[in-house]
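Hi,

Here is the structure I said I would pass on. Have a look at it first, and then read my notes below.

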Amino acid sequence: MFNIRHPQKTWFGVGSVSKVAEEVHFLNGKHILFFTDKGISEAGIANIVLEKLNDESIEITVHNTCPPEPAIQDLENIFDQYKNKKFDLIIGVGGGSTMDIAKSMSVLLTNSGNPRDFLGIDLVPKPGLPTILLPTTSGTGAEATPNAIFSIPEDQVKLAIVSTHLIPEVAIVDPELTITAPPKVTSAAGVDALTHCLETYVARNATVLSEVYSIEGMKLISRSLRKVCKDGSDIEARSDMALGSYYGGVALAGAGAGAIHALAYPLGSRFHIPHGISNSLMFSHVMKVNYSSEIKKFAKIANILDENTLSFDEEKAAKNSVDAVKRLCEDCGVPTRLSEVDVPARAIPELAESAFKLERLLNCNPKQLTLEDIEKIYQSAT
């Protein structure tokens with residue numbers, strides 16, 4: 001038996017932001033808590049959404065200071081600010097960090113307890129407030145996932161609230177909302193989306209349902225990531241990336257991520273490296289260890305990413321999938337070695353200890369990794 005989870009409704013396509021008012025009325029939203037961040041506000045993107053909700057019957061409280069790569073203390077502070085107020089709908093407009101805060105607040109406002117009480121799997125007893133999410137980057141797929149990720153600075157690790165109750169009622173994926181994303185954000189987010197599609201495809205928990213999304217996501221991203229990094233105004237490439245990112249989120253909900261994410265999280269928590277970059281640093285190095293355990297699947301990955309491998313036998317193609325990913329990362333200008341972001345080799349033992357504790361992720365990895373294996377992967381990435 002297996003399952004896959006989706007938002008109750010997804011709008012996709014250029015101009016789909018226009019559907020936000022219709023969905024607010026369908027969900028009977030009258031008192032809305034609206035989350036976004038400073039950059040999205042200054043770029044005018046938040047106002048695009050807010051202007052669609054210009055209705056005297058709707059009262060909107062705007063929180064426009066969601067931090068990037070939020071720590072659990074950030075969520076605690078936001079919860080303290082709003083826990084005694086009444087809302088009936090949550091909207092999140094932004095990247096993965098903002099959407100994770102919005103999703104988390106939806107369940108915090110309907111369940112007794114504090115944010116740390118819900119770190120873990122299926123610890124949220126009751127549904128949250130109805131939620132509408134509108135991504136402004138093509139990376140995390142957070143508009144479709146049951147996860148919200150937060151760093152725990154005192155433990156130098158990232159942990160997640162994981163619950164079906166976090167999946168929004170509505171995801172509105174409008175590629176036009178991603179047009180103003182800066183090149184560095186676009187490239188890092190795009191690589192993040194690719195890791196989601198690739199890791200879910202080879203995950204131990206992968207199913208015939210999740211694989212459909214994983215494969216189609218990889219196809220969309222592989223044909224358009226280089227294009228969008230070169231020309232951010234290419235709306236066709238932006239559309240491919242937005243849909244590929246969404247597919248990656250759905251695949252995560254069905255199969256889960258693996259060792260790339262497990263090794264990336266300590267880098268983000270300890271060295272404050274953005275999540276997409278943390279993934280790019282580990283991407284090919286983890287693949288080099290994993291590919292031999294799923295030759296057929298990694299061969300297909302190589303064929304998707306590089307047509308030149310179509311004539312290779314499966315084992316050769318599988319091995320070349322590592323190089324295909326490395327080339328794609330380099331072409332997009334994202335770092336692939338720890339030395340490029342000033343992570344010292346002396347930090348590796350502690351990073352490995354932190355990563356080894358992330359059983360939720362490592363249990364999905366196609367190859368079982370020991371602590372020594374993880375140290376060696378970090379060392380190969382220096």
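Which residues form one aromatic cluster? They are Phe-35, Tyr-82 and Phe-87. Before I go on, please keep in mind that this is a predicted model.

Let me stay with the aromatics for a moment. The structure has 4 aromatic pairs. One of them joins Phe-35 and Tyr-82 edge-to-face, with 6.3 Å from centre to centre and 90 degrees between the planes. Phe-35 belongs to strand β2 and Tyr-82 to helix α4 (residues 72–82), so this pair ties together parts that lie 47 residues apart in sequence. Both Phe-35 and Tyr-82 are buried. Another pair is made by Tyr-213 and Tyr-247: the ring centres are 5.4 Å apart and the planes stand at 75 degrees, so this pair is edge-to-face too. Here helix α7 (residues 208–230) supplies Tyr-213 and helix α8 supplies Tyr-247, which links distant parts of the chain, 34 residues apart.

Now for the sheets. There is an open sheet of 6 strands, and if you walk across it you meet them in the order β1-β9-β6-β4-β2-β3, with parallel pairing. At the edges you find β1 (9–12) and β3 (59–63); each has a single partner strand, so one side of each has no neighbour in the sheet. On average, neighbouring strands here are turned by 15 degrees against each other, ignoring direction.

If you want to trace the pairings, start with β1. It pairs with strand β9 (residues 170–173) in the parallel sense over 4 bridges, and Thr-10 has Ala-171 in β9 as its bridge partner. Helix α8 (residues 235–255) packs on the sheet at this end, touching β1 and β9, and its direction makes about 165 degrees with that of β1. Helix α3 (residues 45–52) lies across β2 (31–35), β3, β4 (89–94) and β6 (131–135), and runs at about 165 degrees to β2.

How many of its residues are buried? The count is 5 of 5, so β6 is largely enclosed by the rest of the structure. In a regular strand, side chains alternate between the two faces of the sheet. In β6 both faces are covered: Thr-131, Leu-133 and Pro-135 are buried on one side, and Ile-132 and Leu-134 are buried on the other.

Between β5 and strand β8 (residues 157–162) the pairing is parallel, over 2 bridges, and Gly-120 has Ile-161 in β8 as its bridge partner.

Strand β8 also holds Lys-158. Is that lysine buried or exposed? Its relative accessibility is 7%, so Lys-158 counts as buried. Setting aside residues up to four places away in sequence, the residues that Lys-158 touches include Glu-69, Ile-149, Phe-150, Tyr-265, His-275 and Leu-358. Lys-158 and Arg-270 are 112 residues apart in sequence, yet their C-alpha atoms are 9.4 Å apart in space.

Last, the helices. Helix α10 (residues 275–290) packs with helix α12 (residues 314–331) at an angle of about 170 degrees, and their axes are 8 Å apart. That makes α10 roughly antiparallel to α12. On the α10 side, Ser-280, Phe-283, Ser-284, Met-287 and Lys-288 take part, and they meet Ser-321, Val-322, Val-325, Lys-326 and Cys-329 of α12. By type, the residues of this contact are 5 nonpolar, 3 polar and 2 charged.

Helix α11 (residues 295–305) has as its buried residues Lys-297, Phe-298, Ala-299, Ile-301, Ala-302, Ile-304 and Leu-305. These buried residues of α11 pack against α6 (183–202), α7, α10 and α12.

Best wishes

Note on methods: Residues are numbered from 1 along each chain as its sequence is written. This is a predicted model: local features need pLDDT of at least 70, side-chain atom pairs count only at pLDDT 80 or more; totals for chains, interfaces and linings use all residues. Side-chain values use heavy atoms; hydrogens and water are left out. Axes are lines fitted to C-alpha atoms, for helices over the stretch in contact, and angles run from 0 to 180 degrees between N-to-C directions. Angles under 35 degrees count as roughly parallel, over 145 as roughly antiparallel, 65 to 115 as roughly perpendicular and the rest as oblique. Contact means heavy atoms within 4.5 Å. Ala, Val, Leu, Ile, Met, Phe, Trp, Tyr, Cys and Pro count as nonpolar, Asp, Glu, Lys and Arg as charged, and the others, Gly among them, as polar. Two strands pair if DSSP finds at least two bridges between them. Rings of Phe, Tyr and Trp (its six-membered ring) pair if their centres lie within 6.5 Å; planes under 30 degrees apart count as stacked, over 60 as edge-to-face and the rest as tilted. Buried means under 20% relative accessible area, exposed over 50%, partly exposed in between (1.4 Å probe, protein chains only).
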